[in-house]
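Morning, everyone. Please have the sequence and the model open while I talk.

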Protein chains: 2
Amino acid sequence: MLNRALDAVFAPRRVALVGASDRAGSVGKLLWDNLSGFPGEVVPVCPNRTVGGRAAYQDLRSVPGEIDLVVVATPADSVPGVIEAAADKGVPAAVVLSAGFAEIGGDGVRLQEKVRAAARAGGVRVVGPNCFGVQNADLPLNASIAAGTPPGGGGVSLVTQSGSYGMAVHMLATDEAMRFAKVYAAGNKADLTDAEVLAYLREDPATTVIALLLESITDPRAFFAEARRATAEKPVIAVVGGRTGAGRRAAVSHTAALAADDDILDAALRDSGVVRVRTGLEMLDVARALAEQPTPRGRRVGIITNSGGTGVELADLLADEGLDVPELSPALRSRLSELLPPYGSPRNPVDITPAWRLFATGYPGAIDLLARSGEVDVVVPVLLQRSASLEVASAVRDAVKRLRADNVPVPVYACFVAPRSADDVADVLHQSGVPCLPWPDRTARAIGAAVRYGMFEPKPSSPHEPSDLLGPVDDPGDPIVARDLLEYAGIPVVPTVRCESADEVVAAAARLPGPVVLKVAHPDLTHKSDVGGVRVGLVGEQRIRAAAGELLALAEGASVLVQSKMDGVETVVGGFRDPSFGPVVMVGMGGVLVEVLRDVRFALAPLDHAQARAMLEELRGAAVLSGVRGALPVDRDALADVVVSVGDLLAGSDRIAELDLNPVLAGPDGCVCVDWRILTRGADTTEKYGPAMPKN
Amino acid sequence: MLNRALDAVFAPRRVALVGASDRAGSVGKLLWDNLSGFPGEVVPVCPNRTVGGRAAYQDLRSVPGEIDLVVVATPADSVPGVIEAAADKGVPAAVVLSAGFAEIGGDGVRLQEKVRAAARAGGVRVVGPNCFGVQNADLPLNASIAAGTPPGGGGVSLVTQSGSYGMAVHMLATDEAMRFAKVYAAGNKADLTDAEVLAYLREDPATTVIALLLESITDPRAFFAEARRATAEKPVIAVVGGRTGAGRRAAVSHTAALAADDDILDAALRDSGVVRVRTGLEMLDVARALAEQPTPRGRRVGIITNSGGTGVELADLLADEGLDVPELSPALRSRLSELLPPYGSPRNPVDITPAWRLFATGYPGAIDLLARSGEVDVVVPVLLQRSASLEVASAVRDAVKRLRADNVPVPVYACFVAPRSADDVADVLHQSGVPCLPWPDRTARAIGAAVRYGMFEPKPSSPHEPSDLLGPVDDPGDPIVARDLLEYAGIPVVPTVRCESADEVVAAAARLPGPVVLKVAHPDLTHKSDVGGVRVGLVGEQRIRAAAGELLALAEGASVLVQSKMDGVETVVGGFRDPSFGPVVMVGMGGVLVEVLRDVRFALAPLDHAQARAMLEELRGAAVLSGVRGALPVDRDALADVVVSVGDLLAGSDRIAELDLNPVLAGPDGCVCVDWRILTRGADTTEKYGPAMPKN
């Protein structure tokens, strides 16, 4: 069911423009002009008598009849009043372009809070403030400060927090015949959430590809749940800015957005099937590629070039994206040879060489042979200098048309390197729906992202509802209570006995097979190793008794935990409650890999076994788990189960703030946790959430 | 002293064109036309009576008078004869554009060998064959198949193995006013080496930046020695293609080039100060940036934008390149604020926001303030959509002119995002020497590479001449001979005694302090661990005697090495003799880091202490050497000394093929090698060179 407010935003019948103006160069005039193509009525609201020859109203309340959408471009301090007026009139939605809100801090934050309060009180849903506006290219509706109205008929819908990429829509529509369905500039996101917009675009039949350019994500848990649904139906391509420190600071100064921890974000995006790219331009390139051509079904790329050097460069760059430029079969090579000069190469990259006269037959012929061969998943003709001619481009266009007519499911993307004077050649491709990507680097990146989408296998949404295993009065800060909780959650824990005296320790050790480990237990001694509170591999009553005595003397009221000494590959499993992402789990390689290389992976909890297994595969030290130098592989299913259980504990029990199992020792026949720490959300811990590295 | 042959190539007085033609569309005609601007005489040689109205000669030998350069565009099989004729006439140099040589394999390889033999026999130096040609834009000389002759006056000289990047010269000269000094297309490199061309361009006063686009490097040792000299004088920017498997195969099919192992190549390029980039376009971008603006002296970038989103994106991308977008001082922020609207941001990125009327003063004003502040090393105005206007571009140009007039050493690069209709705005910048880079990604990459050049500190060339430490009859396959060799080379080795009986082992162990290690020694048992031939940490006569007996029984004639058990961080040091790079050394972290993550670094030998220290810093596990979790840092100088000594052994002793010290245990007070293996170049080992992972 479509969101009624977003339906009013994108498909209003009657629009009021508050702040309409006739003054050249003003935003009110620009909006008035941009709205001139709207098929319904646009009512100007402003102090003037008329705007563009139409009678204007001084107050929104005095406009007769129903209004579906209010577009607001008046000074910031007037906006709360405008929203109140819209509420009084029963208008379901407002797009606020005005700036001077949270992005400037201080008073602006308070003013934005007023806008939100007025909107919530009056049932008006708000886009913005401080936004570029919205467009529905098919209606058309252009309620934005774009330089003009783009033509409709495209499948890409863009959600952007950057006005400059809103501007780019018009530029690409004009210069490169790129077509969009809808454009939504989120601005400061005072009200409508990213998840709501994503859900709307998922259901919107005009939208075939969703492109997101975000500096923050409102309500990440709702967003990722919705993203999982959306990516099962259509591609979602995202740039999330402020990845780095400097970027983050700039994000704050720009839209008062709080950038999320990038590792968690990255894991959550990947897990939900969103294809993340680094730049807005990459986003637009891959969105176009997916909107105009079939989705690639594999990693194998066939290249056709007239320059060996550019073929090598493109092959290198495709390999950087994880793609293959495979050897072709002898049969295919022999058919390709018929299209080439004697000194051409039928290997991949297929090289026509500078045999100019053969370009107009060689390019389309090789495209056809490669696409129908079953040996590649993507075909890239490199149109370079002399092959970037109208004759060759037209022949490429026709070859692709034939492939589409025959439902050959292999996309064709052109890599284009030519002077300005060949812009008209590029236009032939742009207008025929063959993505025309300048230079090998941009080409490789777009193909890499398109293949990432094509190779993603949607998973069922949120796996299960974990229950709360933590009793209301249990204190998991106590190591034995914590151990019982872990065991109750199904996590294997090393046999552990708490002893209050050296005699008890000796007796407990005698009941355990092999050498033992002694650890001090005291609420104040959280970093046991640092105070000499851990003794490993002790044998013999005398040494055990001596060590027990030393540990008990470390602090008043200390006790000693006695454990069997275990073997296995050191891993760490943990989790924490992120202020915006909620429960997050982490798994990593122990020892030097986590200490020095921070070899860890994150996921939102709860998660299922397959996701946990995938996290293990993505570790840089994954090979250690599958057995190096003759070692047996460890039981990765058992380790994945621990990760799932940690996720369930966090997701089920609100009181748990942080949870570290470090190390979990993994072996061929299972794994076991030998040290653990659970922090609850108390007065002194609530501010401590964050993906801090676990310490022993 | 300039290379006489290359002087004839780039600055001939009289040229003969063999294969000249009047036939439209032929290469002979294209060359004739391109040579028309040459101020000296061009003599046509071909079967026709005349070419372009000039009398032609049927044979080079019959041309009267001296010829400095022969340009050859006749079929491949005629080329050896042409070279012989050139030799007979005493012509010092020939540029062979003809194809059909080594790049097609088989007969082509043999034909190229004939060309080389004729050239060597007759004293003719050859460019190509199978090349795009050469240009000296200042003369002008255009002996290439470019689409036209580029204007002179630029400082960038390009050496390219890809004709398409030769073509790009003309395209960038026409579209973007980029100026080149010389263009040299190396083709199949039958004769003249990369080192010779590099030396020529280093000495060429017209060349201020050297750009190399190579698919192979001829005689890498000579090349890197020359590169070290060149980068001390001017920037050298390089793309070396065929980085990946697919790329490599394409390289073979194109120019029959044998791609070198990329890790060694990368280390050698970096060490010699060559800035390596990934694509030809990046190479041209950074070459232009360094030719037209001062060299950046640090990593701090100041950004001026009119879109917060694009500012965030650029900041993220600059951080990916290792650059900073630093906080600005309150004083500077306050001065910047005077240029901005109230809701603008004087933080970095400085955001003018869409305050159109302030663009023409804000951009140049902020450029000036930032460049003179001492707080940034690079200034990047983002000219985006509405700020990409003639008015703003002219103001930026004038601001940069003032900085240059005042010798402010801070470069300014424009990031440009605008439609085709703003091409004339870009032209204002192109023509004034302000690099104008489209989109944030290309901008960030060019700046990153320029800063890498600016931050490189040239080192003295080749450190020393190691002497041969290996006696002519010594067999370093014997572990004790090898140990003595290592110790003679100054490498600390664990005390080691060879014993032939269990009694001897027990006696030797009694003379060593603490637990001992026993290792079997036998020529057939090269992988000692795999056959159970290593016993670690033995104490007590009985256990030692039993272990010794087992090891002696492993093979007929086996002996046992007795060593003290040592502690320390596991590292590996090794080296080998590469067929093209010669002696190469390697250092890496031991244990899981080398096994799983291949955490190793290479360098050409011999090397000096500073280079070896730098290799250690570049290891991903470098933090392990500087002490993690409270451990003391290891003695990195001692470890670096081992690396230098291994390099000297390899460089000094021709007979050593491979050398593995694995592990070398490093501690706070030095390091010690506890296992080693040296392979000599014998009948069965000469084919075994290669950076194989050392095994115990």
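This is a predicted model: local features need pLDDT of at least 70, side-chain atom pairs count only at pLDDT 80 or more; totals for chains, interfaces and linings use all residues.

Let's start in chain A. Five strands make an open sheet here, in the order β16-β15-β17-β18-β19. The pairing is parallel. Which strands stand at the edges? They are β16, residues 350-351, and β19, residues 436-438, of chain A. Each has a single partner strand, so one side of each is left without a neighbour in the sheet.

Look at β15 of chain A, residues 301-305. Two bridges join β15(A) to β16(A), and the two run parallel. To find the spot, go to A:I304, which stands opposite A:V350 in β16(A). Now the helix. α11 of chain A, residues 308-320, packs on this sheet. It touches β15, β16 and β17 of chain A. The direction of α11(A) makes about 160° with that of β15(A). Remember that helix; I'll return to it.

Over to chain B. Here we have an open sheet of five strands, ordered β2-β1-β5-β6-β7, with parallel pairing. At its edges are β2, residues 41-45, and β7, residues 125-127, of chain B, and each pairs on one side only. From one strand to the next, the twist averages 20°. Strand β6 of chain B, residues 93-96, pairs with β7(B) over three bridges, in the parallel sense. One pair to click on: B:V95 has B:V127 in β7(B) as its bridge partner. A helix packs on this sheet as well, namely α3 of chain B, residues 79-89. α3(B) touches β1, β5, β6 and β7 of chain B. Its direction makes about 170° with that of β5(B).

Next, the interface. How many residues are in contact between chain A and chain B? From chain A, 79 residues; from chain B, 78. The buried area is about 6,500 Å², and carbon and sulfur atoms give 58% of that. Turn to the charged pairs. Ten salt bridges cross between chain A and chain B. One to look at is B:D427 with A:R420, at 2.8 Å, N to O. As for polar contacts, the count between the two chains is 18 residue pairs.

Which elements build the chain A side? Those giving two or more residues include α5, α8, α10 and α11 of chain A, along with α15 and α16. And here is that helix again: α11(A) gives the most to the side that touches chain B, with ten residues. By type, the chain A side divides into 34 nonpolar, 21 polar and 24 charged residues.

Some local details to finish. Over all chains, the structure holds 99 salt bridges. Take A:R13 and A:E66, whose side chains meet at 3.6 Å, N to O. A:R13 is in the loop between α1 and β1 of chain A, and A:E66 is in the loop between β4 and β5 of chain A, so the pair ties together parts that are 53 residues apart in sequence.

Then the backbone. The peptide bond from A:A605 to A:P606 is cis, with omega near 0°. A:P606 sits in the loop between β26 and α21 of chain A. Another cis bond joins A:N662 and A:P663, with omega about 5°. A:P663 is in strand β27 of chain A. Last, A:A177: phi is near 55°, a positive value in a residue other than glycine. You'll find A:A177 in the loop between α5 and β11 of chain A.

Terms used: Residues are numbered from 1 along each chain as its sequence is written. Chains are lettered from A and ligands numbered from 1 in the order in which they are written. Side-chain values use heavy atoms; hydrogens and water are left out. Two strands pair if DSSP finds at least two bridges between them. Helices (H or I, at least four residues) and strands (E, at least two) are DSSP runs, numbered from the N terminus. Contact means heavy atoms within 4.5 Å. Axes are lines fitted to C-alpha atoms, for helices over the stretch in contact, and angles run from 0 to 180 degrees between N-to-C directions. Buried area is the accessible area (1.4 Å probe) that two parts lose on being put together, summed over both. A salt bridge is a side-chain nitrogen of Lys or Arg within 4 Å of a carboxyl oxygen of Asp or Glu. A polar contact is a pair of N or O atoms within 3.5 Å; within protein, one must be able to donate a hydrogen and the other to accept it, and residues adjacent in sequence count only if both atoms are side-chain atoms. Ala, Val, Leu, Ile, Met, Phe, Trp, Tyr, Cys and Pro count as nonpolar, Asp, Glu, Lys and Arg as charged, and the others, Gly among them, as polar.
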